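This briefing is meant for a reader meeting the structure for the first time. Please keep the sequence and the model in view while reading.

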Amino acid sequence: MNEGKLLKFIISFLIVLQVLGYIYRIPFLDTFCKPLLFLAIILQYLWSSKKIKFLHILVLFVFFASELINSISDIVTVKHRMLINIIGYIMLFYFLYYNHKSFKYNRRDVFTLVLGSSLYTVIFFITYSVIREPMKDVSLIGFLHLSLLYVLLIVGAMHYINIRSEKSLWFFLAMLNFSFSDFILLIDEFYLQSTELKLIRLICVPLALIFLMNYMITKYKYLKSEEFEGF
């Protein structure tokens, strides 16, 4: 087993260990696994990347910091976590700019985008309408938070459907998991506290970071097929 496969195994093991620590109520495991998980993801990035960029490491650290400070300090509120995530999502717009290619859609692409974005729009407005009143003075921050996620996921989907490359797929999957985790965070905090929701977040957050790291280390390659042009 080479170093790359070993790191992947360690990352998977730490995710499982973190989930088990939450299920069996062992706080030490959660606090212990978070920094090790981040370290393993960074090491995987350093090992796999042919060109290391400080911005990549900084973005990963921002999202990691949002989770870590919550587990080691009771002073940090959901407002602080939202603000940290907002900073991270604003930084991700650089990647959208970097990924941009001229959009060339066939009818199948348009149908997929309209269907997917319509469903996500409904979820967005239902979620915000439910949590807006309980959020009170942080409702504006919450709206900005969800809006950034909305734009990043929709545009990420547009890029993937347009390009259909492995790199664009990783970015889309990262944003999908960030959306799941942050929507769940706000619902759990302001509407319905649930053990199951917290458990889903423990899986979605590291997956989002892993997919984002994979995006960072994957070379750009245009793979869109013309086989569906007649749809």
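This is a predicted model: local features need pLDDT of at least 70, side-chain atom pairs count only at pLDDT 80 or more; totals for chains, interfaces and linings use all residues.

Residues are numbered from 1 along each chain as its sequence is written, and side-chain values use heavy atoms, with hydrogens and water left out.

**Confidence**
- The mean pLDDT (the predictor's confidence in each residue, from 0 to 100) is 88 for the protein, and 92% of its residues reach 70 or more.
- Over residues 226-231 pLDDT stays under 50, and for these residues the model has 7 contacts (heavy atoms within 4.5 Å) beyond four places in sequence.

**Helix α5**
- Helices are DSSP runs of H or I with at least four residues, numbered from the N terminus; α5 covers residues 107-135, which makes 29 residues, and reaches 41 Å from its first C-alpha to its last, close to the 42 Å expected (1.5 Å times one less than the number of residues).
- At the N-terminal end, asparagine 106 caps α5 with a side-chain oxygen that lies 3.1 Å from the backbone nitrogen of arginine 108, whereas just after the helix lysine 136 takes a positive phi of about 55°.
- A kink of about 30° is centred on serine 129, the bend being the angle between axes fitted to the seven residues ending at a residue and the seven starting there.
- The buried residues of α5 (buried means under 20% relative accessible area, with a 1.4 Å probe and protein chains only) include Leu113, Tyr120, Phe124 and Ile131, and what covers the buried residues includes α4 (78-99), α6 (139-163) and α7 (166-190).

- Leucine 212 is in contact with residues including Val59, Phe63, Leu92 and Phe178, leaving aside neighbours within four places in sequence.

**Lysine 167**
- Lysine 167 has its place in helix α7 and is buried, because its relative accessible area is 8%.
- Not counting residues up to four places away in sequence, lysine 167 touches Tyr98, Asn99 and Tyr215, among others.
- A polar atom of the lysine 167 side chain lies 2.7 Å from the backbone oxygen of threonine 218.

How values were computed:
Helices (H or I, at least four residues) and strands (E, at least two) are DSSP runs, numbered from the N terminus. Buried means under 20% relative accessible area, exposed over 50%, partly exposed in between (1.4 Å probe, protein chains only). A polar contact is a pair of N or O atoms within 3.5 Å; within protein, one must be able to donate a hydrogen and the other to accept it, and residues adjacent in sequence count only if both atoms are side-chain atoms.
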